Amino acid sequence: MPAAAGAGAASVFTFKNVASAVSAAASVAGAASAMQQGRQQQDMSNIQAEIFSRQAKREREIGELNARRTREQGESLAATQRAILAGSGGEGSTGSALLIQEDLAEETEFNARLAENNAEAAAQSKMSEAVLARLEGRNARTASFYRAGTALLSGASDIAKIGAKSRFG
């Protein structure tokens, strides 16, 4: 009889060890998976943030280009007006002709600054999106730490239950 009892105890002990090892391995794998997912999500968020940053830079470049074109068109129109006025024998430095040229210069500058302002607003919007993407990535990484910890604690709890069942059950 003692031999049978000893053999049964050995098989329970072996089952306990195997079950504990499997539970531990599953916990570690779950934790590693959670960490990897967090890293991947953070990497993707960083890539998205970089794209937004590049788009912001491009918006600024487009704004500068549009402002420069607006100023060039205004200067060209002013030169055309002066040439027409001079060709008709008028004086461009006094009176109504001068007022028209001043108005054109003011409107041209207003439109150029409007283009710059609109581009800067679009760029700031993209930069805000970049900041949010980076924040989402950091949050995903932090959440992965919690998921990994939960997986490890859950595995430890399972191992403890296996140990308790083999001792008391």
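**Exercise 1. Find the residue that pairs with Arg60 in a salt bridge, and describe where the two partners lie.**

Solution. Step one is to look at the side chains: in this predicted model, Arg60 and Glu120 meet in a salt bridge, with 2.9 Å from N to O. The term salt bridge stands for a side-chain nitrogen of Lys or Arg within 4 Å of a carboxyl oxygen of Asp or Glu. Helices are DSSP runs of H or I with at least four residues, strands are runs of E with at least two, and both are numbered from the N terminus. Step three is to check the accessibility, where Arg60 has a relative accessible area of 29% and is partly exposed, and Glu120, at 30%, also counts as partly exposed. Here buried means under 20% relative accessible area, exposed means over 50%, and partly exposed lies in between (1.4 Å probe, protein chains only).

Before going on, note that residues are numbered from 1 along each chain as its sequence is written. In this predicted model local features need pLDDT of at least 70 and side-chain atom pairs count only at pLDDT 80 or more, while totals for chains, interfaces and linings use all residues, and side-chain values use heavy atoms, with hydrogens and water left out.

**Exercise 2. Work out which residues are joined with Glu109 into one salt-bridge network.**

Solution. Start with Arg71, which forms a salt bridge with Glu109 in which the closest N and O atoms are 2.8 Å apart. Because Glu109 lies in helix H2 and Arg71 in helix H1, this pair ties together parts that are 38 residues apart in sequence. Both partners are partly exposed, Glu109 at 26% relative accessibility and Arg71 at 24%. Next, take Arg113, which also forms a salt bridge with Glu109, again with 2.8 Å between the closest N and O atoms. Since Arg113 and Glu109 are 4 residues apart in helix H2, they are separated by about one helical turn, and Arg113 is exposed, with a relative accessible area of 54%. Finally, shared partners join Arg71, Glu109, Arg113 and Glu116 into one network. For the whole structure, the search finds 7 salt bridges.

**Exercise 3. Decide whether Ser144 is buried or exposed, and list its contacts beyond four places in sequence.**

Solution. First locate Ser144, which has its place in helix H2. Then read its relative accessibility, which is 0%, and so Ser144 counts as buried. Last, leaving aside neighbours within four places in sequence, Ser144 is in contact (heavy atoms within 4.5 Å) with Ala34, Met35 and Gly38.

**Exercise 4. Describe the chain as a whole, and say where the model calls for caution.**

Solution. Begin with the secondary structure, which comes to 2 helices and 0 strands. Of the 169 residues in the chain, 21% are buried. Among the contacts with a separation of 6 or more, 89% are between residues 24 or more positions apart. Now turn to pLDDT, the predictor's confidence in each residue, from 0 to 100: the chain averages 84, and 85% of the residues score at least 70. Where pLDDT is low, the predicted coordinates should not be read in detail.
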